[in-house]
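Reader: I would like to learn how to read strands, helices and chain contacts in a model of this kind. Could you take me through them one feature at a time?

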There are 4 protein chains.
Amino acid sequence: MPEDHDSVAHGMQPEDSPELRALYAGFEKYSMKPLWTQLGDLMPMHPKPQAVPYLWRWSDLLPLAEASGDLVPVGRGGERRAIGLANPGLAPHAYCTPTLWAAIQYLGPRETAPEHRHAQNAFRFVVEGEGVWTVVNGDPVRMSRGDLLLTPGWQFHGHHNDRDAPMAWLDGLDIPFSQQMDVGFFEFGSDRVTDYATPDYSRAERLWAYPGLRPLSGLAETVASPLPAYRWELTDRALAEQLLLEDEGVPATWAPGHAAIRFSNPTTGGDVMPTIRCEFHRLREGVATPERRDVGSSVWQCFEGDGVLVLNGTRHKLARGDVFVVPSWITWALEAEGQLDLFHFSDAPVMERLHFMRTETGLT
Amino acid sequence: MPEDHDSVAHGMQPEDSPELRALYAGFEKYSMKPLWTQLGDLMPMHPKPQAVPYLWRWSDLLPLAEASGDLVPVGRGGERRAIGLANPGLAPHAYCTPTLWAAIQYLGPRETAPEHRHAQNAFRFVVEGEGVWTVVNGDPVRMSRGDLLLTPGWQFHGHHNDRDAPMAWLDGLDIPFSQQMDVGFFEFGSDRVTDYATPDYSRAERLWAYPGLRPLSGLAETVASPLPAYRWELTDRALAEQLLLEDEGVPATWAPGHAAIRFSNPTTGGDVMPTIRCEFHRLREGVATPERRDVGSSVWQCFEGDGVLVLNGTRHKLARGDVFVVPSWITWALEAEGQLDLFHFSDAPVMERLHFMRTETGLT
Amino acid sequence: MPEDHDSVAHGMQPEDSPELRALYAGFEKYSMKPLWTQLGDLMPMHPKPQAVPYLWRWSDLLPLAEASGDLVPVGRGGERRAIGLANPGLAPHAYCTPTLWAAIQYLGPRETAPEHRHAQNAFRFVVEGEGVWTVVNGDPVRMSRGDLLLTPGWQFHGHHNDRDAPMAWLDGLDIPFSQQMDVGFFEFGSDRVTDYATPDYSRAERLWAYPGLRPLSGLAETVASPLPAYRWELTDRALAEQLLLEDEGVPATWAPGHAAIRFSNPTTGGDVMPTIRCEFHRLREGVATPERRDVGSSVWQCFEGDGVLVLNGTRHKLARGDVFVVPSWITWALEAEGQLDLFHFSDAPVMERLHFMRTETGLT
Amino acid sequence: MPEDHDSVAHGMQPEDSPELRALYAGFEKYSMKPLWTQLGDLMPMHPKPQAVPYLWRWSDLLPLAEASGDLVPVGRGGERRAIGLANPGLAPHAYCTPTLWAAIQYLGPRETAPEHRHAQNAFRFVVEGEGVWTVVNGDPVRMSRGDLLLTPGWQFHGHHNDRDAPMAWLDGLDIPFSQQMDVGFFEFGSDRVTDYATPDYSRAERLWAYPGLRPLSGLAETVASPLPAYRWELTDRALAEQLLLEDEGVPATWAPGHAAIRFSNPTTGGDVMPTIRCEFHRLREGVATPERRDVGSSVWQCFEGDGVLVLNGTRHKLARGDVFVVPSWITWALEAEGQLDLFHFSDAPVMERLHFMRTETGLT
């Protein structure tokens, strides 16, 4: 079986002739395109993403975000001071992957990003800083280092900075999927946030953030998680305990020395949102993961620690805040030189719900 | 439409005759029974349970359990020093309801109840005391006041008392269902518990007890909850927050002044076990619930507080530890004279999965 | 591991003493029953059904049903001239198994059995005869040899005989489950059937009886199948094709020489009703099934053919119409001496939904 | 709320300055793109598809397909003589919609299109002709007028024409989704079809094509329907019966005078494939549907009859074989001047599984 997909479709190339030209002109006239001139591109032997594997340095991103804070106002119309991490292979679009948008968002001291809602699902992940509250359907949610915050599709949300220092964080959305598949709706809300309170815990957390305890007022399954925040304190403890349990000989880690949790919807046990999976991974010092590739694309952010990323065969030293993208069917591996903590999000729910998921691991 | 079901089937009673007697003798000979002699009993207008509404006083139960501690040994063969709360309507069986077994179990100082497993699903609820560990599949689980502990079907489990004081608690199982439906299997395990350690938290809690954080080593849905313990501290906090949120005008309680949580399986969001639902309810002082009746049976234990139970029209003052049973389609209501906390379990998952559930509320 | 469950619970029998008698008197007074006096019965090593394996001869059943036609009127109040096949082990109840009721129902020429509905799920299977229509929610459904007819829970139904000849058939319901679990509701309908038309196909069949074609007016999942009839012509063809495909070397049969279909709900692909599974089996001449036992109970009716049933080790020659019951965990096997066709129903959906199902096959 | 989405994002346009240019140069250097320069496009108020509503005439398509039959060989490499209906709004891609590929495929007398398989899901719909068999996983499936034939993802399939006349049909696949989302895999199979038999019914139909009868050898749920063919005879009868039932006053049609069926997977009751919904619609003479728009895209083919399509406000007279595409959130309506039969396929399963579906109906 020829692995060279470029040969696919070539078998049918007819000889040039006046009749053929007339045929092709007819196709052109009636908006038709033959499969035989394009099969290899349309139906490759395996995914051949246009998106490229890529790494952005937090040390590059943050200064530019800060500079934009001085130069670009935030408010109604522009909505967010967010700068997309644009995959070079997907230019001119600002897509990180064909499904996922990733951006650094920046909010200056005392600023407000006004409320709106959209069909697109979104989350924030905080690699450093504090002082901003995201108001989700009127409920103020504190944002602190290590926290994952959700604003699922069609929930009103705005942000406000309660402090005299700016704050930056990572935004993740399914904008590219939404735009390419034509599913987006958008609606403006309040020009300010509807509640400037700054509680430690949102009302939804106070209702939902207990393991296995479900309020009787919330028995229906919800499309997205009713929990608006997953706090670093608990994520950190869950990962630490997995490694301690492993030390005690108890099966708890995902792989030896590799602790990992998936953020989940407590009403179903499934992913937090229909299109985006969020996870956190911790590797012990010295652990190297096997090379692996999956259908679907994902984005990682180095939260803390020392390590090396091997992305499509190229080695990159990782530092706090660095973001990298793994397109579909591109191999990756990680090597932890100290304890290495990473946040991870992907379009795996899309791939699984539509039964396109495949995985190969231990390739090398 | 005649509501008097006693008339059902009477319409077909044939006149006595030698031929009829011959017919009935034929039925007898060939193990046949006509519907027309029994329809009203077999197919009542609404559930007419043999089980009766009943209340057991903790002040009666506990001394008898203590006395049994002096007189009855615990160990292999007898397995558990448990005394069933036997519904008088279901004699001679020791069933609390047609589906549910409820018992007070008593373990003396330093005693061990040996390990075994069975297809029947079981839990323990601790109304008072501490010092016993239940060892579930080799994992020691602390039992303290207010905790719910699970030992789902076919998981090995034993108990040991690490203290010099005895301890008693409530056992709940689906033994009556299991026995009537012929689904039970049983297997002896170790004559002692396999791990006498007394950690504050079991290994499974350390792996699972984080809201919305799912270990990647535990992505498969499980029939029963992987969490072996639901701790009072969290149950109490969840209920308290519901009432505080209600005070703030946020929809959080099940009904005004009535906070409630359902213990759930974090891998599905559903009930903790396939046949038994467990909940905890807290009523504010002064709150009275509407009269209500449901298909299926349930058992409540008063955990703390002052209040009155109205069961099938009869009023009972409740005290700590009192247990009452609500058979199918029997009305009940609660009136809180101070804050009233109750643990509740039922066969509702059976009724819902088989689509027999019906509820009437606000009857009076 | 001791397989003799009689020893279970014996380990804790305390010595007789005045104190013990006082304790037991206290238990009696307060409606308590200790586990240690009954563990072996309550929690056997494996299911020990009270129901016994049993076979009823159609040649015994039919004459008695006919005799009842002369002696017993049918009409409002008695509702149905149905004679239950009462498992001798479950006396005094008319239960065939702990979950299932099976009866022979008889309707004389031109008679009507009036309409009613009940929470209990029901079906009819026709081993011989024709001429009766079951009217389900106002829709007349023809009953002919080999047909399976459904009247799921809470659907109004009555029967009328349009011919000058009587007709008898097999009724199957979940009455024993319903009665023991207290889930039954009943409501009278019309004293006559609401539509005396005698179409070949009911309206629901005309809407639903196309493989894989779902009306857009019927996109919601339904608890029970919307198809009221599964016609013999199609069942027969499906079974015949499985054997032909097997002859052609195509995997199609359940086991070599053993064709089988499960009647299913086209809105889900699952069982036709929440508590009852219905299947049809055809064995080629000479085929013997391996001995097998399952959790849960089932009932078979020999539809046609020559064969032997081996039930709990005892051999029975089968003839058309013979009905036999297989209680939980009792072994059975079939040997076909000619082509052997059998209708089968069971409580397997209950066992599967509550996760109690177990099966052992190829025991001997 | 401003409905003009063009204003979105304009609120943040900063004044030009050397610093801003430096900022934008930094963005460029580090593969970043600010949201504020593109928000309106990325997150429109409602779907603004690039795909345009479009109609292809069968009378244009068929002659060009025939001409290609003379000029273009079919065989290994090119795989299929298929000409895509390329949405002008999606040029240069040959996509009919962002998710769906539609093509006319043409096979000359006695020709073979070789076997292959791919992750993409595919079907064929036959608007006219006969004589070709599609061989699916080795099972020959007859293709005749009105039939829907499935070749779900990763099933080997080829076609061969057993007659002396050519045949053309409509191909539908999820190629655009697959290519944009990078999920495609492809594998060559036999250069010829593996079975040149020409049976009336495939083996899979003989096993599965009985309403509600599930082989015990096929109890597992399958991702795609196990039925490879949905025959016109049954589709036609189901639609005819819906209209007859409507005449009799029975709720059966989707809307007055509008019969419709959805092709479904008998193992689940759901869609035939994870990404593609297939339906057939029949309108009585004189019926006009209300204007409607949905999230997601769909393609219709006029199978037979007289009528008018109102697509995005423009009227088109329909003739046999005409194909039209309805992009996301574009309004459409149909008016039947005689009985009007249409085949319909869409990406609705994608939209529903990812919870992006919305519908507006009765707009005018």
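Reader: How many of the 15 residues of strand E21 of chain B are buried?

Author: A residue is called buried if 20 or more other C-beta atoms lie within 10 Å of its own, exposed if 12 or fewer do, and partly exposed in between, with the C-beta atoms placed from the backbone. In strand E21 (residues 332-346) of chain B, eleven of the 15 residues are buried, so the strand is largely enclosed by the rest of the structure. Strands (E, at least two residues) and helices (H or I, at least four) are DSSP runs, numbered from the N terminus. This is a predicted model, in which local features need pLDDT of at least 70 and side-chain atom pairs count only at pLDDT 80 or more, while totals for chains, interfaces and linings use all residues. Residues are numbered from 1 along each chain as its sequence is written, and chains are lettered from A and ligands numbered from 1 in the order in which they are written.

Reader: Which strands of chain B pair with E21(B)?

Author: Two strands are said to pair if DSSP finds at least two bridges between them. Strand E16 (residues 277-283) of chain B pairs with E21(B) in the antiparallel sense over seven bridges, and within that pairing Phe280(B) stands opposite Phe343(B). Strand E18 (residues 298-311) of chain B also runs antiparallel to E21(B), joined to it by twelve bridges, with Leu311(B) opposite Trp332(B).

Reader: How should I read the two faces of a strand, and which residues of E15(D) lie on each side?

Author: In a regular strand the side chains alternate between the two faces of the sheet. Strand E15 (residues 258-263) of chain D is mostly covered, with six of its six residues buried. On one side are His258(D), Ala260(D) and Arg262(D), on the other Ala259(D), Ile261(D) and Phe263(D), and both faces are covered. E15(D) pairs with E16 (residues 277-283) of chain D in the antiparallel sense over five bridges, where Ala259(D) stands opposite Arg282(D). A strand of another chain takes part as well: E13 (residues 213-215) of chain C pairs with E15(D) over three bridges, again antiparallel, and Pro215(C) stands opposite Ile261(D).

Reader: Which residues of helix H3(D) are buried?

Author: For a helix, one may begin with its span, whose expected value is 1.5 Å times one less than the number of residues. Helix H3 (residues 58-71) of chain D has 14 residues and reaches 20 Å from its first C-alpha to its last, close to the 20 Å expected. Its buried residues are Trp58(D), Leu61(D), Leu64(D), Ala65(D) and Ser68(D).

Reader: What do the buried residues of H3(D) pack against?

Author: Contact here means that the C-beta atoms of two residues, placed from the backbone, lie within 7 Å. The buried residues of H3(D) pack against helix H1 (18-29) and strand E1 (32-34) of chain A, together with strands E2 (54-56), E3 (82-85), E4 (101-107) and E11 (167-173) of chain D.

Reader: How many residues of chain A and of chain D take part in their contact?

Author: The contact takes 82 residues from chain A and 82 from chain D. The side of chain A that touches chain D divides into 52 nonpolar, 21 polar and nine charged residues, where Ala, Val, Leu, Ile, Met, Phe, Trp, Tyr, Cys and Pro count as nonpolar, Asp, Glu, Lys and Arg as charged, and the others, Gly among them, as polar. Strand E3 (residues 82-85) of chain A runs antiparallel to strand E1 (residues 32-34) of chain D, with three bridges joining them, and Ile83(A) stands opposite Pro34(D).

Reader: Which residue of chain C stands opposite Leu85(B)?

Author: Between chains B and C, 82 residues of chain B are in contact with 83 residues of chain C. Strand E3 (residues 82-85) of chain B and strand E1 (residues 32-34) of chain C pair in the antiparallel sense over three bridges, and Leu85(B) stands opposite Met32(C). By contrast, chain A and chain C do not touch, their nearest C-alpha atoms being 17 Å apart.
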